[in-house]
Amino acid sequence: MSVSLSGPIVLVGAGNMGGAMLGGWLKSGVPSSDVLVVDPAPSPVMAKLIADKGVRHAASAPEGIEAGVIFLAVKPQIMEAALPPLKGLVGPGTVIVSVAAGKTLGFIERHLGAASIVRAMPNTPAMIGRGVTGAFANARVTEAQRGLVHDLLKVSGPVEWVQTEADIDAVTAVSGSGPAYVFYLVECMAEAGRKLGLEADLAMRLARETVAGAGELLHQSPDDAARLRQNVTSPGGTTAAALAILMADDGMQPLFDKAIGAARKRAEELAGSE
């Protein structure tokens, strides 16, 4: 990756997501000297990565530095305390990127002032470079800053830019929370197999590998999900019998509509409670 920076990338938060992003940046060619990690107590894994790669680290925001990028990777519940000490890092050329769910542009601006800000919503597969991120930029973000942020985010997987900040709540509901839905699908498939007489461990292995393999096929195939489903389904066969239940009027689609709608509503509530 070749990025043009007006100042260092300041990564605030050295947890799982912050660590995933840092590892991705370093692997993609961002020099360790371009990154400053701000975290009072990095995890042992992160502390080792910081030491091994020679990344600068500070327990709190240093003075006298204008950041090129401030990447906020702290938990939403500590954003209120984490933001004010960072204000001195914000200059005319700084772009702020937040991956904190439910924390709006307005919330960040109240603490850091009028600035170029991107709200991003990655998901947990970002930790293995297989995530997807939805992003929204406010009007102050320049094309150059947007390109820079895109390059920094794409180390964990594809980046999809949305048209309005409200769309981030829908992104949160679909892909941000989405891995949990898939994991629960595995649990349900395994439990159904157990009820059919399979050993619980065997049923779980079958369900887990089936979902993992299907996901990889979906990732690698040029065909869309509907075509791949049709390729598995023989008329009058076993898959068709199961799909007749799952695709019924009271099957999976209305259930997912309700579930993802509830997730979006909760995201809106969290944003409104600031």
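1. With which residue does Asp52 form a salt bridge, and how far apart are the closest N and O atoms? The partner of Asp52 is Lys48, and the closest N and O atoms are 2.6 Å apart, where a salt bridge is taken as a side-chain nitrogen of Lys or Arg within 4 Å of a carboxyl oxygen of Asp or Glu. Because Asp52 and Lys48 are four residues apart in helix H2 (residues 44-53), about one helical turn separates them. By this rule the count comes to eight salt bridges.

2. On provenance, this is a predicted model, in which local features need pLDDT of at least 70 and side-chain atom pairs count only at pLDDT 80 or more, while totals for chains, interfaces and linings use all residues. Residues are numbered from 1 along each chain as its sequence is written, and side-chain values use heavy atoms, with hydrogens and water left out.

3. The sheet is open and has eight strands in the order E3-E2-E1-E4-E5-E6-E7-E8, with mixed pairing; two strands pair if DSSP finds at least two bridges between them, and the elements are DSSP runs numbered from the N terminus, helices being H or I of at least four residues and strands E of at least two. Strand E3 (56-58) and strand E8 (159-161) stand at the edges with a single partner strand each, so one side of each is left without a neighbour in the sheet. Neighbouring strands of this sheet are turned by 20° against each other on average, direction ignored, with axes fitted as lines to C-alpha atoms (for helices over the stretch in contact) and angles running from 0 to 180 degrees between N-to-C directions.

4. Within this sheet, strand E4 (residues 69-72) pairs with strand E5 (residues 95-98) in the parallel sense over four bridges, and Leu72 has Ser98 in E5 as its bridge partner. Helix H1 (residues 16-27) lies across strand E1 (9-12), strand E2 (35-38) and E4, and runs at about 155° to E1. Helix H6 (residues 167-176) also packs on the sheet, touching strand E6 (116-121) and strand E7 (133-137), and its direction makes about 30° with that of E6.

5. The axes of H1 and H2 come within 11 Å and cross at roughly 25°, and the two helices are therefore roughly parallel to each other (angles under 35 degrees count as roughly parallel, over 145 as roughly antiparallel, 65 to 115 as roughly perpendicular and the rest as oblique). Gly19, Leu22, Gly23 and Leu26 of H1 make the contact with Met46, Leu49, Ile50 and Lys53 of H2, contact meaning heavy atoms within 4.5 Å. By class, the contact of H1 with H2 has five nonpolar, two polar and one charged residues; Ala, Val, Leu, Ile, Met, Phe, Trp, Tyr, Cys and Pro count as nonpolar, Asp, Glu, Lys and Arg as charged, and the others, Gly among them, as polar.

6. For H6 and helix H11 (residues 252-272), the axes come within 8 Å and cross at roughly 135°, and these helices are therefore oblique to each other. In this contact Asp169, Ala170, Ala173 and Val174 of H6 meet Ile260, Ala263, Arg264, Ala267 and Glu268 of H11, and the residues divide into six nonpolar, no polar and three charged.

7. Finally, the axes of H6 and helix H7 (residues 178-195) come within 5 Å and cross at roughly 25°, which makes H6 roughly parallel to H7. Here Ala173, Val174, Ser175 and Gly176 of H6 meet Gly178, Pro179 and Tyr181 of H7.
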